[in-house]
Amino acid sequence: MGTWDSGHFDNDSAADFSGRLDDAPEAERPALIRKALEIAAAATDFLDSDEAAEAVAAAALVGAQCPGGEPVTTAYGPDKPLPEFPADLRPLAVKALDTVLGENSEMRELWEGDETWTAGIVRLREVLVAASA
């Protein structure tokens, strides 16, 4: 995975995921978000960094639609407008981020010791938790 910064979309996997979202018909975009989150949330033995990066990007897009969420303004995020996501994606995104931060996550291992990356994920998780209540 090529990475150039600690933001949610600052890696090849997340940028490619954004491109796939742009290429998909608007009605199919929520399903792509759900799939990325489900893959991460279901990982028990090992979460690959590419899958984790897609889940983080998906969670950031869900979080952007929540009260207090940060808009996705990076050039590496989707270019096309996204539909309103179903509210049930919020707790799924929290579960996916918990897996990303878990001990069996390659992405967490790669970013271990980087407080900026960890703080960004924790902040995103807090927005999603608050919106899920």
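Buried means under 20% relative accessible area, exposed means over 50%, and partly exposed lies in between, with a 1.4 Å probe and protein chains only. Keep those cut-offs to hand for each stop below.

This is a predicted model: local features need pLDDT of at least 70, side-chain atom pairs count only at pLDDT 80 or more, and totals for chains, interfaces and linings use all residues. Residues are numbered from 1 along each chain as its sequence is written, and side-chain values use heavy atoms, with hydrogens and water left out.

**Stop 1: helix 2**

Select residues 29-42, which are helix 2. Helices here are DSSP runs (H or I, at least four residues), numbered from the N terminus. Now colour the buried residues of helix 2: Arg29, Pro30, Ile33, Ala36, Leu37, Ala40 and Ala41. Look down the axis of helix 2: its buried residues fall within an arc of 130 degrees, so they line one face of the helix. That arc is taken from the directions from the helix axis to the C-beta atoms. An α-helix has 3.6 residues a turn, so residues three or four places apart point the same way.

What do the buried residues of helix 2 pack against? Their partners are helix 1 (12-23), helix 3 and helix 4. Contact means heavy atoms within 4.5 Å.

The 14 residues of helix 2 should span 20 Å at 1.5 Å a residue, and its end C-alpha atoms are 20 Å apart, which agrees. The expected span is 1.5 Å times one less than the number of residues.

**Stop 2: helix 1 and leucine 21**

Move to helix 1. Its buried residues are Ser13, Ala14, Ala15, Phe17, Ser18, Leu21 and Asp22. They pack against helix 2 and helix 3.

Zoom in on leucine 21, which lies in helix 1. Leucine 21 is buried, with a relative accessible area of 0%. Leaving aside neighbours within four places in sequence, leucine 21 is in contact with Arg29, Leu32, Ile33, Leu61 and Pro78. Draw a distance from leucine 21 to proline 81: they are 60 residues apart along the chain, yet their C-alpha atoms are separated by 9.8 Å.

**Stop 3: leucine 82**

Select leucine 82, in the loop between helix 3 and helix 4. Is leucine 82 buried or partly exposed? Leucine 82 is partly exposed, at a relative accessible area of 24%. Beyond its neighbours within four places in sequence, leucine 82 is in contact with Arg29, Leu61 and Gln65.

**Stop 4: helix 3 against helix 4**

Show residues 49-64 (helix 3) and 89-100 (helix 4) together. They pack at an angle of about 145 degrees, with axes 9 Å apart. Axes are lines fitted to C-alpha atoms, for helices over the stretch in contact, and angles run from 0 to 180 degrees between N-to-C directions. The contact residues divide into 10 nonpolar, no polar and one charged. Here Ala, Val, Leu, Ile, Met, Phe, Trp, Tyr, Cys and Pro count as nonpolar, Asp, Glu, Lys and Arg as charged, and the others, Gly among them, as polar.

**Stop 5: around helix 4**

Stay on helix 4. Nine of its 12 residues are buried, so helix 4 is largely enclosed by the rest of the structure. Its cover includes helix 2, helix 3, helix 5 (106-111) and helix 6 (115-132).

Methods: Helices (H or I, at least four residues) and strands (E, at least two) are DSSP runs, numbered from the N terminus.
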